[in-house]
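Thank you all for coming.

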Amino acid sequence: MNTALLMIRYHEIALKGGKRPVFEKQLARNIDKMLKRTFGSDAPIKVLRQTGRILVEAPWDDENQAKAQQTLEKVFGISSFSPMRKVDTHIETIKTAALEEFQKAIAAHGMPKTFRVQTRRSDKVFPESSTDLDRIFGSHLHAAFPDLQVELKKPELRLGIEIRRNQSYIWSQKFPGPGGLPVGSNGKLLALMSGGIDSPIAVLQILKRGSPVRFIHFDGAPFVGPESREKAEDLVRLVNQYQPAPERMHTIAFGKIQEKIALVTDAKMRTVLYRRMMMRISCRIARRIKALALVTGEALGQVASQTLENLVTIDRVSDLPILRPLIAYDKSEIIALAHHFKTFDTSVREAADCCTLFGDRHPTIYSTPAEAEEQEKNFDVEALVNEACEKIESWTFQDSRHNS
Amino acid sequence: MKKYRFFDNASTTKCCEAAIELNRRFSEDDYANSSSSHAMGQLAARAIREARVFFAETFRVDPTQVLFTGSGTESDNLAIQGVALSQLTRQGGSFSRTGRPRMLCTATEHPAVKKSVESLISLGFEPELIPVDSAGNILRERLLGLLDPAPLLVSIQRVNNITGTIHPVEELASLIKAKAPDTLIHTDAVQAFGKVSLPTAPSKVDFVSLSAHKIEGPKGVGALIVMNRELLRYAIRPLIWGGNHEGGFRAGTQNPGLIAGFHAAAKLALENQKARMEKIAGLNTKLREILAAPLGSKIVINSPADAAPHILSFSVPGLASAGLARCLEDRDFIVSTGSACGSEHANEPDPVLSAMGLSDTLATSALRVSFSHLNEEQELVEFAQALKESIEHTAKLMGSNRR
């Protein structure tokens with residue numbers, strides 16, 4: 001397995017103040033974990049933290065480059081990364097290698113109009129300043145391509161040179177990372193996973209802000225088939241690729257509870273009543289696993305249960321904050337993200353949704369907490385929450401490796 | 001384990017002891033490959049040979065005309081796709097000059113036949129469905145109207161899997177061949193074997209599909225009986241290529257345990273067919289009595305009076321069949337909302353009932369009860385009570401949504 005040294009960049013602006021070393025440490029740990037998940041725990045992977053960036057030695061040859069790239073594209077916190085060419089620290093050698101790297105970049109991306117060289121001296125082995133070195137290497141390239149303009153602010157092609165004592169590094173390619181903050185740099189959350197398009201995207205949006213996410217699924221069995229639960233599991237598997245440690249899904253047997261509620265309540269109110277039960281049960285489980293808040297994929301006004309009135313009615317029973325990262329998103333924006341994160345095809349697999357079970361074809365759009373409480377007098381809320389929390393199935397996902 | 005009253009024997013049956021033991025024996029004791037020439041392999045080969053001879057004698061064909069497959073569905077596909085691909089091959093891979101051959105099947109066929117026939121459209125064939133009346137019987141005039149130009153193949157099931165409707169396949173085959181002598185006839189006899197009479201050679205019917213697990217045999221084995229030996233020479237092209245198993249028509253190491261188990265179950269089913277079916281007919285009569293008595297909601301029986309007695313379809317108009325079936329399950333009764341092969345779309349109208357022209361109200365509220373000789377009349381007495389409760393319960397859950 002041939003390796004390459006990769007330079008990992010992150011947005012320093014996001015990492016200001018005292019939290020910065022915490023973020024950096026977390027990001028370095030996540031990169032190490034996620035690369036080892038891809039390549040195996042004994043793969044030649046080294047992660048080095050330096051000021052303002054992280055250097056990673058990782059498998060990088062014809063066979064492994066795509067895998068490494070795909071893995072790093074899933075590590076939140078990385079803004080971009082570049083593989084670097086290794087060369088002896090000697091001015092003439094570096095000049096030749098810089099030209100080669102430059103030609104390679106042109107072959108891959110076409111001829112740019114503008115360029116710049118950006119030298120960084122980790123070791124002051126040469127007497128010249130970085131700016132002087134920029135000029136030396138730049139004019140060498142300019143001599144080979146006289147039509148090229150130097151552009152310092154926004155060059156089309158940027159050639160980086162990293163001067164160190166024995167070995168120096170050159171890079172020209174830059175791959176985008178997913179941005180955001182490293183997962184684990186914020187508190188833990190519990191996400192309600194329905195199996196639809198929205199919930200996995202809500203989870204990914206919140207993972208991007210650094211919170212690890214555990215999952216809870218409400219299973220309508222025996223009134224719905226296994227498809228919905230299997231979809232939720234498959235979506236968790238996809239979303240877990242973005243977490244350094246795959247998180248579990250807790251499945252609540254909810255169908256019989258819904259049936260008990262349906263038998264004694266107004267059909268128009270049932271969806272809202274189910275959602276209130278889900279929040280109560282989720283709060284209970286969240287405390288058990290020490291999650292600080294809940295996450296849902298609700299978007300304002302998207303369906304009947306997501307009007308502001310109904311969200312207020314639902315929120316009233318939750319004693320934890322409910323984060324709704326998609327609250328202001330259009331469905332088309334959510335779908336675009338689902339395509340981007342490749343969850344769409346799984347989300348649209350046919351499966352019955354338990355939220356509308358035994359519900360009226362025209363459910364209420366404007367409920368009030370008082371109306372919901374009135375309906376809840378018809379059944380024993382506490383007993384049903386207890387019943388739900390007694391029989392939870394927890395599914396641990398394999399820490400899957402993609403090679404042998 | 002929870003004890004259920006199993007009224008879903010058209011989907012599958014409990015495997016008989018003899019078949020279970022044979023499966024164990026050929027997996028654990030005599031586990032050699034039946035294609036091996038050593039003594040141990042020949043034990044397995046012998047069991048397969050005996051099974052083949054049994055089916056050959058049953059259908060009065062040569063043992064080479066019995067092809068063991070992995071399922072009833074595979075048998076249907078081997079007949080339909082095998083005939084189609086053979087014709088396509090003989091035409092040099094396309095029908096540009098010779099016209100698109102027609103492939104007919106009943107509108108109420110199991111998906112194993114219907115989807116297989118419909119899939120051929122993309123290979124240049126012209127699939128056509130034979131319409132049926134509200135009892136599921138083929139409309140003969142319409143069938144005869146579909147015979148010019150002569151179809152390549154017509155597939156008509158012997159017993160319908162949802163209603164139990166019996167098709168007079170041999171009589172229909174004679175009608176078809178009088179007009180279109182070269183047309184091949186296939187019958188899916190998966191729900192009929194061991195229950196009603198089947199053709200024996202010589203017959204106007206060319207192919208018969210069978211499955212083991214509907215007659216207390218193991219899952220994972222079926223057979224295609226090629227009724228006319230000549231057909232093996234040209235009429236079917238294999239779907240699975242490899243070794244010379246099953247005369248080259250179905251490559252892949254044979255499973256002696258499953259095939260011997262199929263043999264054992266089939267032998268029991270045929271030997272006891274009369275007694276078993278008399279008992280089942282009694283159960284059918286009893287169930288019809290129960291459904292005629294007041295149950296708190298109107299009930300419509302979808303199966304014709306002369307249907308095969310092991311299958312009975314009825315609807316409770318206004319109630320969703322899925323909900324009713326769950327309520328019955330809560331009361332330990334297992335019934336079906338339709339073919340197990342299509343039941344993931346529980347809220348859609350049953351395609352067989354729709355093809356019979358039944359309204360969506362009936363086709364979305366249908367339950368199928370299917371018996372084996374292991375069911376008892378006492379179970380039906382309890383079923384009557386459970387059904388009554390389930391109707392009340394489901395009506396309450398559906399509330400204003402009742403259709």
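**Backbone details and a sheet**

I would like to start with A:K290, which counts as exposed because its relative accessibility is 67%, above the 50% cut-off. Please keep in mind throughout that this is a predicted model. The residue A:K290 sits in the loop between α8 (270-288) and β13 (293-295) of chain A, and its phi is positive, about 60 degrees, although it is not a glycine. As background, most residues other than glycine have a negative phi, and most peptide bonds are trans.

In chain B, the residue B:E216 also has a positive phi, near 70 degrees, without being a glycine, and you will find B:E216 in the loop between β7 and β8 of that chain. Is B:E216 buried or exposed? B:E216 is buried, because its relative accessible area is 9%, under the 20% cut-off.

Turning to peptide bonds, the one from A:A221 to A:P222 is cis, with omega near 5 degrees, and A:P222 lies in the loop between β11 (213-219) and α6 (227-239) of chain A. The bond from B:A201 to B:P202 is cis as well, with omega near -5 degrees, and B:P202 belongs to the loop between β6 (184-188) and β7 of chain B.

Finally, the sheet of chain B is open and mixed, with seven strands in the order β2-β8-β7-β6-β5-β3-β4. Since β2 (66-69) and β4 (126-130) of chain B stand at its edges with a single partner strand each, one side of each is left without a neighbour in the sheet. Strand β2(B) pairs with β8 (residues 222-226) of chain B in the antiparallel sense, over four bridges.

Notes:
Residues numbered from 1 in each chain as written. Chains lettered and ligands numbered in written order. Predicted model: local features only at pLDDT ≥ 70, side-chain atom pairs only at ≥ 80, totals over all residues. Heavy atoms only, no water. Pairing = 2+ DSSP bridges. Helix = DSSP H or I, 4+ residues; strand = E, 2+ residues; numbered from the N terminus. Buried < 20%, exposed > 50% of the residue type's maximum accessible area, 1.4 Å probe, protein only.
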